[in-house]
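I opened the notebook to look up the ligand site first.

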Amino acid sequence: MSDCLFCKIIAGEIPADVVYENDKVLAFRDINAQAPTHVLVIPKVHIATIEDIQPEQASIMGDLFLAAQAVAKVDGLSEAGYRTVMNCQEGAGQSVFHIHLHVIGGRPLSWPPG
Ligand code: 5GP
Ligand code: ZN
């Protein structure tokens, strides 16, 4: 999608601090990090929200979590732990409409998130 911020990052039109990449996903550091590690993992195919995922795209969700695992390894969080969050729709805090898995860690995280 030409007017999607994250599609532009995938296309290299907007720079990003890339942590991990494969043929299916891209992981880069959030521009407004909420923790020492705050990485966004996105599919290379444009999907606006969780509500838009089609059954034939189900494996993409697994790809996102395997990439989160890779990100945790890069940042040394595999043992210490990290949080994965995907906001769906504005009411839940989604502000960029290309699905992204937040990988957050490196500091104590409270629960529930509020
Ligand atoms: P959401 O609010 O949709 O769950 O998360 C969107 C995230 O994208 C936010 O945490 C925000 O800081 C991040 N973000 C927005 N614009 C950019 C950008 O241009 N580059 C990067 N790296 N992150 C961005
Ligand atoms: Zn997109």
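Predicted model: local features only at pLDDT ≥ 70, side-chain atom pairs only at ≥ 80, totals over all residues.

A polar side-chain atom of aspartate 30 sits 2.4 Å from an oxygen atom of ligand 1. Asparagine 87 also brings a polar side-chain atom, at 2.8 Å from an oxygen atom of ligand 1. Valine 96 uses a backbone N or O atom instead, 3.1 Å from an oxygen atom of ligand 1. I noted the cut-off for a polar contact: a pair of N or O atoms within 3.5 Å.

Next I looked up the cover. Ligand 1 has 520 Å² of accessible area on its own, and the protein covers 83% of that (Shrake-Rupley method, 1.4 Å probe).

I then listed the shell. There are 15 residues around ligand 1, and Asp30, Gly93, Ser95, His100 and His102 come nearest. Near means that a heavy atom of the residue lies within 4 Å. By class I have six nonpolar, seven polar and two charged residues in the shell. Here Asp, Glu, Lys and Arg count as charged, while Gly is among the polar ones.

Which pocket does ligand 1 take? The space taken by ligand 1 is the largest pocket. A pocket is an open set of points on a 1 Å grid, where a 1.4 Å probe fits, with protein on both sides within 12 Å along at least five of seven lines. A molecule sits in one if more than half of its atoms lie within 2 Å of its grid points. The elements giving two or more residues to the shell are α1 (5-10) and β2 (25-29). Helices (at least four residues) and strands (at least two) are DSSP runs.

Now the backbone. Most residues other than glycine have a negative phi, and most peptide bonds are trans. The bond from tryptophan 111 to proline 112 is cis, with omega near 5°. Proline 112 lies in the segment after β5 (101-105).

Glutamine 89 has a positive phi, near 80°. I found glutamine 89 in the loop between β4 (83-85) and β5.

Buried means under 20%, exposed over 50%, partly exposed in between.

Last, I checked threonine 49, in the loop between β3 (37-43) and α2 (58-74). Threonine 49 has a relative accessible area of 4%, so it is buried. Its side chain reaches the backbone nitrogen of glutamate 51 at 2.9 Å.

For the record, residues are numbered from 1 along each chain, and chains are lettered from A and ligands numbered from 1 as written. Local features need pLDDT of at least 70, side-chain atom pairs 80 or more, while totals use all residues, and side-chain values use heavy atoms without hydrogens or water.

Conventions
Polar contact = N/O pair within 3.5 Å; in protein donor to acceptor, adjacent residues only side chain to side chain. 1 Å grid on protein atoms, 1.4 Å probe; cavity = no way out; pocket = protein on both sides within 12 Å on 5 of 7 lines; lining within 4 Å. Buried < 20%, exposed > 50% of the residue type's maximum accessible area, 1.4 Å probe, protein only.
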